[in-house]
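Take a walk through this model, one site at a time. Keep the coordinates open and follow along.

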Amino acid sequence: MHRNMSSPTNDKQTTGTVSVAVAAMGVVYGDIGTSPLYTMKEVFTSTHHPVPVTPDNVLGILSLVFWALTITVSLKYVLFIMRADNKGEGGIMALTSLALRTERLHPRMTWLLAALGMFGAALFYGDAVITPAMTVLAAVEGLEVATPVFKPYVVPISIGILVGLFAFQRRGTASVGALFGPVMLFWFATLGALGLWNVLKHPGVLEAINPYYAIRFMIEHRMLAFFALGAVVLAITGGEALYADMGHFGRRPIMWAWLGYVFPLLYLNYLGQGALILDDPEAVKNPFFMLVPEPLLYPMVALATAAAVIASQAVISGAYSLTSQAIQLGYCPRIQIKFTSEHEKGQIYIPNINWLLLIAVVTLVLVFRSSSALASAYGIAVTLTMMIDTILAFVVVRALWGWNWGQAALFLAFFVFVDFAFFSANLVKVMDGGWFPLVLGLAVFTMLSTWKRGRLLLYEKLTQDSMPLDAFIKSLEYGGPHRVQGTGVFMTTNPDGVPRAMLHNLLHNKVLHETVVLLNVRVEDVPHVADAERVSVQRLPRGFFQVLVRYGFKDDPNIPLALSMCQRFGLVYEVMETSFFLGRETIVPRSRVARMPGWRQVLFTFMFRNAEPATTFFRIPTNRVVELGTQVEL
């Protein structure tokens, strides 16, 4: 009797993995999936050292594309770095947190790793600006292939699409997000079908998988081949998204979708473009759209535009998520965050970031006016981020995974060699647009590091000026201020000291509540903290309570909800019987013996004044808040 060896549990797991992999299509692979729109065109028509169209050169480039995708995306990200997850979360912030968790690090090394992670995160904003501009322009340029009449309208149409995309953000992507996966599933199937049709005409291009052709191309052309890497790298832009989006979908669905579906169909399209160029060298003007049969050209432009919008949506959402994490980890001042879905915690919208990105994207389109011109700006930020990922991953594999020095050094040397080859090839394009993501990344890094440094100095100053809590409570035994009914909650960064707001309240109002809660919020270097571990309460004499509220860097802070969890510790929270006392510090720049340069003091003061109030960020009822001002000299 034949027995079915597959269990219902395994069938459900397989079905679940497949459905999640389809959902991941619309978020994870949008950027790398739109790379065929412009990669081959830039290799052979770039203003920087275009590669002559010969059969050997075409095979050499196709071989370089295959091995770039294999080494950087499949080996480095899918097989190695995606194993370095922070409680299931990926991305450069998670990787930095893992690296900083290493014991016995020298303080300077700790600072260097934190600075590398911060700079890598800052570079992502450059990617979030360039990707929408580049992909939408490249998709709309397909209209030029249909008829030159559309050429003057490419930029206006692109700007219209981008403005609509950013204006839609405030509505949230939950309503259309379900369509993203199927659209990208169809997009990759179309890429593969178009590629296969031309590969069947020239099956010889399949030989490009042999690394011999890439090596021969590099040896024969040397400097030209080196410069060509600056265009080949466009094929792997978006590869780091596989790691960054791991927390949404998990490692297995992303890995199997890449290896079993996306990678084969993606590369099949590159092979098809190569076959077309061998058949008609004039096709290098726009090999992607020239693959398409003429009757299907307009539908293909529409599909490519949809794919470009989805790719843009992924990096825009990534910018929101990164900003939210930076706020939680103390690298960015509090700014308004709106939650666009009642069910999905990750569905957020940040108005300030949204409109700044739109201004930057539209400016890029107006300045560069074509995807070919923008190609000079694309790549340098991505390759630098990938190199930072490799260095941070080296620390993780050496210290946390227990690899010996030989294994870890081999890992570092191999991947840094590849990353540096791509990065250095892009350096020649700095003056022609590559400066943009570097300048933007440096500006964001300056703001992040200034905020982190300023907050540290402010914390030290407030700690120095505070009175020890135990001494204050002991002094109440000998008489003290009048105690009034209700609960007074004082938010503090130093749980062992008396908050300034309390001292000011005593100075002006001469009273103290019967129940006093000293509330300290701590953000851990993990993505989420379970509700069971959210709060801890320590009862002190004279009606004082020390409450520690813990959040992960992807959690949504809600202080009233956290206080309601304290009932099991004997602290009852009644909103109408509770007053929240918050200190509102005014920063006064210090001219003499300053621990921060004058320009950074001015920048920090500006950021501090424009930060969102703690009441809004922590969801504290505004009608229960008392703010007490004080001046602090840094």
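Start at Gln 169. This is a predicted model, and in it Gln 169 is buried, with a relative accessible area of 3%. The cut-off for buried is under 20%, so a value of 3% qualifies.

What does Gln 169 touch, beyond residues up to four places away in sequence? The partners are Gln 313, Ile 316, Tyr 320, Thr 340, Tyr 349 and Asn 354. A polar atom of the Gln 169 side chain lies 3.1 Å from the backbone oxygen of Leu 165.

Leu 165 leads back into α8. This helix has 15 residues. From first C-alpha to last, α8 reaches 21 Å, close to the 21 Å expected at 1.5 Å a residue. Its buried residues are Val 154, Val 155, Ser 158, Ile 159, Leu 162, Leu 165 and Phe 166. They cover an arc of only 125 degrees around the axis, so they lie on the same side of α8. What do these buried residues pack against? The answer is four helices: α6 (107-140), α7 (142-146), α16 (297-328) and α17 (351-368).

One of those helices, α17, also holds Val 367. Is Val 367 buried or exposed? Val 367 is exposed, because its relative accessible area is 58% and the cut-off for exposed is over 50%. Val 367 also gives a sense of distance across the model. Val 367 and Gly 543 are 176 residues apart in sequence, and their C-alpha atoms are 64 Å apart in space.

α19 is mostly covered, with 17 of its 21 residues buried. After α19 comes Gly 402, whose phi is positive, near 75 degrees.

Most residues other than glycine have a negative phi, and most peptide bonds are trans. Arg 222 has a positive phi of about 50 degrees although it is not a glycine. Arg 222 is placed in the loop between α10 (211-221) and α11. At 64% relative accessibility, Arg 222 counts as exposed.

Arg 542 is another case. It is not a glycine, yet its phi is positive, about 60 degrees. Arg 542 is found in the loop between β5 (535-539) and β6 (544-551). Its relative accessible area is 43%, so Arg 542 is partly exposed.

Next, move to α21 (residues 435-465), the helix that holds Thr 450. Thr 450 is buried, with a relative accessible area of 0%. A polar atom of its side chain lies 2.6 Å from the backbone oxygen of Thr 446. Which residues does Thr 450 contact, leaving aside neighbours within four places in sequence? They are Met 596, Arg 600, Leu 603 and Phe 604.

Follow that last contact. Phe 604 lies in helix α25 (residues 598-609). Phe 604 is buried too, with a relative accessible area of 0%. The C-alpha atoms of Phe 604 and Met 447 are separated by 8.0 Å, although these residues are 157 apart along the chain.

Finish with the empty space. Rolling a probe the size of a water molecule over the atoms shows where empty space is left. How many cavities of 30 Å³ or more does the count give? The count comes to five. The largest cavity holds about 140 Å³ of space. Its lining has 17 residues, and the closest to its centre are Ser 46, His 48, Gly 230, Ala 231 and Lys 429. The elements that give two or more residues to this lining are α3 (39-45) and α11 (223-232). The largest share, four residues, comes from α11.

Terms used. Residues numbered from 1 in each chain as written. Predicted model: local features only at pLDDT ≥ 70, side-chain atom pairs only at ≥ 80, totals over all residues. Heavy atoms only, no water. Buried < 20%, exposed > 50% of the residue type's maximum accessible area, 1.4 Å probe, protein only. Polar contact = N/O pair within 3.5 Å; in protein donor to acceptor, adjacent residues only side chain to side chain. Contact = heavy atoms within 4.5 Å. Expected span 1.5 Å × (residues − 1). Arc of directions from axis to C-beta. 1 Å grid on protein atoms, 1.4 Å probe; cavity = no way out; pocket = protein on both sides within 12 Å on 5 of 7 lines; lining within 4 Å. Points joined across faces, edges and corners; volume = space filled by probe spheres on them.
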